[in-house]
Amino acid sequence: MTYESFEYDVLVIGAGGAGLRASIEASSAGVSVGLVCKSLLGKAHTVMAEGGMAAALGNVDDRDSWKVHFADTMRGGQYLNNWRMAELHAQEAPARARELESWGAVFDRTKEGKILQRNFGGHKYPRLAHVGDRTGLEMIRTLQDHGIHQGIDVHMECTVIELLKDGDRVVGAVGYDREKGRFRVYSARAVVLASGGIGRAFKVTSNSWEYTGDGHALAYRAGADLMDMEFVQFHPTGMVWPPSVRGILVTEGVRGEGGVLRNSEGKRFMFEDIPELYKSSTADDEEEGWKYTQGDKEARRPPELLTRDHVARCIVRELREGRGSPHGGVFLDIAWIKERLPNGAEHIKKKLPSMYHQFKQLAGIDITQEPMEVGPTTHYVMGGIRVEADSQMSTVPGLFAAGECAAGLHGANRLGGNSLSDLLVFGQRAGQHAAAYAKEQTGAPINPDQVDAAARLALEPFERGGDDAEGPYQVQFDLQDMMQAQVGIVRSQAEIQKALDAFGQLYERAGRVGVQGNREYNAGWHTALDLRNLLMVAEAVAKSAILRKESRGAHFREDFLEKDSEQAKLNTMTRLGAGGEMEVVQEPLAPIRDDLAQIIDDNK
Amino acid sequence: MSSATFRIWRGNAEGGAFEDYTTEVSEGMVVLDAVHQIQAEKANDLAVRWNCKAGKCGSCSAEVNGNPKLMCMTRLNSLPLDQPVTIEPMQTFPLIRDLVTDVSWNYEVKKRIKQFAPREPDAPDGSWRVDQYDVERVQEFRKCIECFLCQDVCHVLRDHQLHDKFIGPRYLVYTAALEMQPLDTEDRIADLANDHGVGYCNITKCCTTVCPEEIAITDNAIIPLKERVVDQMYDPLTQMLRMFKG
């Protein structure tokens with residue numbers, strides 16, 4: 001077969017915040033850069049981020065510093081984090097935020113004219129630089145508008161299906177363009193994966209069709225280690241009604257601005273269960289919580305702003321015990337602040353414009369007048385490609401990863417706001433180190449047999465049009481139902497095992513998927529190709545989840561309710577075994593540096 | 001559960017036709033839900049572009065019963081379901097397939113607009129001091145999700161096909177966001193008047209009407225830009241001063 005071919009020093013796969021930032025950095029280091037994205041430029045999931053970007057600028061509370069941010073991130077991640085990544089992230093996020101401003105981002109301002117920062121779950125001080133509740137749009141647009149002038153070659157609507165190797169080293173990738181379904185071969189001296197998450201493995205999710213774990217699966221098949229795949233974040237507040245919008249995100253910013261959670265009895269149930277790690281930093285009563293949201297430095301945070309894993313579990317408890325709202329959620333009320341603020345309704349519209357818009361248009365609800373109904377939604381995966389902290393290189397030479405598809409920074413649970421800063425800090429590092437690596441290489445020899453094999457495999461669904469062929473959508477739906485029910489927010493040995501037993505059949509059905517039509521912009525074909533990745537990452541989540549016999553962060557086992565001090569010292573690794581089987585093992589964490597341990601102690 | 005019929009354009013650049021699909025509709029559904037349901041059940045290869053399904057990414061633009069809309073934000077209960085709902089691709093851009101059009105022209109236009117160039121930072125840490133009041137005007141423009149519905153409906157582009165002479169409302173909003181950015185030092189006025197064709201806009205406000213982000217495109221972006229062009233390029237006093245300066 002013949003293919004359209006491209007040659008770059010650095011190939012970046014994914015054009016959300018991390019991929020764009022990596023491309024800009026690599027390009028400024030003087031190497032040629034190709035940027036491949038599954039959708040149009042500027043549409044990646046970063047655009048959905050609402051609340052803000054965490055950076056210890058200290059603009060609103062000057063007691064903040066990188067050390068406090070570091071300690072908050074580690075506590076939020078229940079100390080499974082890669083501490084070096086948490087350190088770099090906290091130290092470099094402020095510079096990355098300011099840099100964004102120098103590229104044209106227009107953040108909300110403090111009275112002194114500095115970048116305004118807001119409160120968020122698990123952050124001790126107001127730390128999130130933001131633009132209303134559309135910070136992700138501001139970030140991706142700023143990077144996009146800066147990036148298009150940097151000489152980066154952008155390949156829109158192109159999906160990568162396989163990485164290419166020369167010996168141990170990654171030397172490129174094969175993909176297809178959506179428009180015509182033609183294969184493309186990219187030769188590259190270094191490859192950066194910035195492909196985002198795996199949300200489509202679950203039924204209720206805030207993620208778009210793109211989030212099928214492509215980067216995770218590409219890296220896995222290329223021999224890279226994945227780490228901590230059991231940790232999937234269920235955001236506590238997704239829309240629950242109407243059914244067609246179930247899962248769409250409701251920003252944590254609603255709670256940051258004073259929104260409260262109530263059950264069907266009208267009770268603020270979050271006060272009932274406050275974890276030990278957070279007892280000393282949580283408000284005693286509703287009054288203190290309100291004061292905190294209004295910037296009173298003496299007040300402690302309301303329990304609605306505890307970490308996402310905890311809030312999500314409390315909501316599930318209310319639902320299970322029969323205190324849910326009419327459509328199977330709980331109530332999130334921001335309208336109540338009108339009792340406290342003279343221009344309450346206007347204030348809500350100004351601070352949370354897209355939430356106002358979203359509920360008004362999709363649910364017919366005016367959030368300045370009545371409470372929202374919300375429930376947990378699959379939002380983010382903490383697990384991902386194992387990387388070296390400083391360079392973001394994976395365990396495979398020449399292959400780098402940044403952003404959601406990389407693991408380490410967030411440990412067992414990510415704090416809200418730490419994702420946008422993650423994208424910039426580690427996107428920049430991945431771009432820098434990939435460029436440096438590329439400069440050391442003399443070439444990137446492509447093996448045509450690998451390309452042919454990938455193309456042949458991708459075309460197989462067209463040959464299976466017969467009566468026994470499966471439709472691609474039904475297999476995907478069944479996988480999503482299974483993951484939601486058995487490897488979701490509350491897990492147990494028996495349930496996970498049921499899921500694991502079902503994978504054989506799902507793989508078999510995926511192998512029989514046939515598609516209609518031709519290769520032009522064929523959604524059925526794309527869904528069939530994505531299935532392979534989705535099944536792989538779902539299996540990694542289930543296998544990692546059954547291995548971790550404790551409850552920690554986002555991983556909650558009803559058969560092991562407590563944290564376990566031995567498991568606290570272990571990360572979970574997923575890798576391709578010698579015989580093609582999936583190997584999942586636990587390996588010890590690197591011992592933390594003394595000075596960093598001291599910072600954690602000082603901030604307890 | 002009731003059902004409704006959707007008359008969807010199927011075809012590519014070489015030709016095509018509307019096809020009717022009947023599917024079940026339930027409470028709260030939006031047009032994009034119906035399209036997805038049809039895609040999963042009846043037409044696996046139906047081409048449709050979408051991402052966030054929450055009105056934030058601007059991918060699923062189409063013409064629903066002749067009106068330019070985001071399919072993800074158009075609820076079925078806002079449409080008469082006793083007759084077929086017509087869904088067709090945006091007409092201003094070349095068709096790729098079914099509901100998907102080639103919007104790459106927009107990306108090319110953006111590259112031609114001079115990028116942001118900030119003044120020197122106000123503080124040693126590289127940051128600036130700007131009043132909230134001064135950023136709000138620009139923030140309105142920066143809400144744009146690049147759905148290109150304004151480009152689709154603009155008759156300079158849609159009917160007269162002046163894609164090579166006029167950048168369209170989206171990029172006038174983009175230019176306004178740069179021109180009114182408090183930190184920006186670049187001058188884009190001559191480009192606006194010449195290569196970017198701001199004069200072609202005759203303020204019919206069709207763009208403003210269809211904007212899902214409710215940006216006052218004409219009043220807040222285009223008219224002020226036209227005024228700046230007049231002030232800078234055609235004001236007799238300015239022209240005289242320019243003559244003296246050489």
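Which strand order does the open sheet of 3 strands in chain A have? The order is β3-β5-β4, and the pairing is antiparallel. The model is predicted.

**The open sheet of chain A**

- Strands of a sheet pair through backbone hydrogen bonds, and the pairing is either parallel or antiparallel.
- In this open sheet, of 3 strands, β5(A) stands between β3(A) and β4(A) in the order.
- The edges are β3 (53-54) and β4 (117-118) of chain A, and each of these strands pairs on one side only.
- Strand β5 (residues 128-129) of chain A runs antiparallel to β4(A), and 2 bridges join them.
- A:Gln117 has its bridge partner in β5(A), namely A:Ala129.

**A helix pair in chain A**

- Two packed helices are described by the angle between their axes and the distance between the axes.
- Helix α3 (residues 83-102) of chain A packs against helix α11 (residues 418-440) of chain A at an angle of about 95 degrees. Their axes are 9 Å apart.
- α3(A) is therefore roughly perpendicular to α11(A), because angles of 65 to 115 degrees count as such.
- On the α3(A) side, the contact is made by A:Leu88, A:His89, A:Glu92, A:Ala93 and A:Arg96.
- On the α11(A) side, A:Ser421, A:Asp422, A:Leu424, A:Val425 and A:Gln428 take part.
- By class, the residues of this contact divide into 4 nonpolar, 3 polar and 3 charged.

**A cis peptide bond in chain A**

- The peptide bond joining A:Trp241 and A:Pro242 is cis, with omega about -5 degrees.
- A:Pro242 sits in the loop between β11 (232-239) and α6 (253-256) of chain A.

**Chain B as a whole**

- Chain B has 10 helices and 7 strands.
- Its C-alpha trace spans about 75 × 40 × 25 Å along the principal axes.
- Chain B has 246 residues, and 45% of them count as buried.
- Take the contacts in chain B between residues at least 6 apart in sequence: 62% of these join residues at least 24 apart.

**Positive phi in chain B**

- B:Lys53 is not a glycine, yet its phi is positive, at about 60 degrees.
- B:Lys53 lies in the loop between α1 and β3 (61-64) of chain B.
- Is B:Lys53 buried or exposed? B:Lys53 counts as buried because it has 27 C-beta neighbours inside 10 Å, and the cut-off is 20 or more.
- B:Glu146, also a residue other than glycine, has a positive phi near 55 degrees.
- The loop between α3 and α4 (149-153) of chain B holds B:Glu146.
- B:Glu146 has 26 C-beta neighbours inside 10 Å, so it counts as buried.

**Where chain B meets chain A**

- How many residues of chain B are in contact with chain A? There are 48, and they touch 49 residues of chain A.
- Four elements of chain B each supply at least two residues of the side that touches chain A: α1 (31-41), β6 (95-97), α2 (104-111) and α3 (132-142).
- The largest share of that side of chain B comes from α3(B), with 5 residues.
- The residues of the side of chain B that touches chain A divide into 20 nonpolar, 14 polar and 14 charged.

Notes:
Residues are numbered from 1 along each chain as its sequence is written. Chains are lettered from A and ligands numbered from 1 in the order in which they are written. This is a predicted model: local features need pLDDT of at least 70, side-chain atom pairs count only at pLDDT 80 or more; totals for chains, interfaces and linings use all residues. Two residues are in contact if their C-beta atoms, placed from the backbone, lie within 7 Å. Ala, Val, Leu, Ile, Met, Phe, Trp, Tyr, Cys and Pro count as nonpolar, Asp, Glu, Lys and Arg as charged, and the others, Gly among them, as polar. A residue is buried if 20 or more other C-beta atoms lie within 10 Å of its own, exposed if 12 or fewer, and partly exposed in between; C-beta atoms are placed from the backbone. Axes are lines fitted to C-alpha atoms, for helices over the stretch in contact, and angles run from 0 to 180 degrees between N-to-C directions. Angles under 35 degrees count as roughly parallel, over 145 as roughly antiparallel, 65 to 115 as roughly perpendicular and the rest as oblique. Two strands pair if DSSP finds at least two bridges between them.
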